[in-house]
Amino acid sequence: MSTATINNQKIAYESKGSGRPVLLVHGFPLSREMWRAQIDALATSHQVIAPDLRGFGESDPPSGDVSMADHADDLAALLDYLQIDQPVAIAGFSMGGYVTFEFWRRHKDRVGSMMLVDTRADADSPEKAAGRRESADRVATEGPNFIYDGMIPNLVSNQTFNGHPELVKAIHGIMVTSSPAGVVAALKAMADRPDSRPLLGEINVPTAVIVGAEDAISPPAEMEQIANSLQSAEFCTIPDAGHMTTMENPAAVLAAMQKHLSA
Ligand code: MLT
């Protein structure tokens, strides 16, 4: 693990391997560890850059609000810090996908191709946003454990939940490395994020849209609509996986990423 001071905060990241740069952006409330299998395998042929977003994993907790745009600017600053000026292949998982859309809005000249993994393009409904804000208030007073416990059954397929307690434990183990301030900031930022559907038609880089066959958070039918709205997209369904595809079926996600990267 390495660290960089970006916007006065310590950002933890891994930069592994050499070759075309691939930037991996994790989801909520997770860290770069959710990409462990893909980091290690892709680093044999690429430079893989996997940060912990502000407030998550080994990065500093934020001192206040952090928008998806702030996360996107942190990614650009990290690429500057690493002196990577060639366009990257960016992979955004779930909340990392929301950050990826902001990265496109703000730094599109740095995007060579895109992988949208188990994510959504629409904004939260008013009810969903209100629920996130209520949860943020609750985390501020009682801590984030109720978030983790509430999310886990929805994150994985029934088969994973009932048959792979070790995987469920590993996901929980990543969640607890999040800082309460990071969780609060991300809940508010997700509630405030814009609708990215109008953006899809202008994304003119090759894009892979990857989704778990049993994803209950970003369902395959909605992700297929994202793929259909993009100029150049490959749609790939990952079998035997819910939302947490990178950990539930790491080999299939890796294969989809490798196919995209070698196209
Ligand atoms: C994630 O996996 O990043 C979250 O489920 C995203 C969300 O809650 O919208």
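I11, P51, D52, L53, H71, D74, L75 and L78 line the second largest cavity of this model, where a cavity is a set of points, on a 1 Å grid over the protein atoms alone, at which a 1.4 Å probe fits but cannot get out, and lining residues have an atom within 4 Å of a point. The model is a predicted one, in which local features need pLDDT of at least 70 and side-chain atom pairs count only at pLDDT 80 or more, while totals for chains, interfaces and linings use all residues. Residues are numbered from 1 along each chain as its sequence is written, and side-chain values use heavy atoms, with hydrogens and water left out.

Staying with the second largest cavity, helix α2, residues 68-81, gives the most to its lining, with four residues; helices here are DSSP runs of H or I with at least four residues, numbered from the N terminus.

Let me turn to the ligand. Which residues surround the ligand? They are G27, F28, F93, S94, M95, Y98, R132, M151, M190, I217 and H243, counted as near if one of their heavy atoms lies within 4 Å. Among the polar contacts, meaning pairs of N or O atoms within 3.5 Å, a ligand oxygen atom lies 2.7 Å from a backbone N or O atom of F28, and a ligand oxygen atom lies 2.9 Å from a backbone N or O atom of M95. For Y98, an N or O atom of the side chain is 2.6 Å from an oxygen atom of the ligand.

Key
Polar contact = N/O pair within 3.5 Å; in protein donor to acceptor, adjacent residues only side chain to side chain. 1 Å grid on protein atoms, 1.4 Å probe; cavity = no way out; pocket = protein on both sides within 12 Å on 5 of 7 lines; lining within 4 Å. Helix = DSSP H or I, 4+ residues; strand = E, 2+ residues; numbered from the N terminus.
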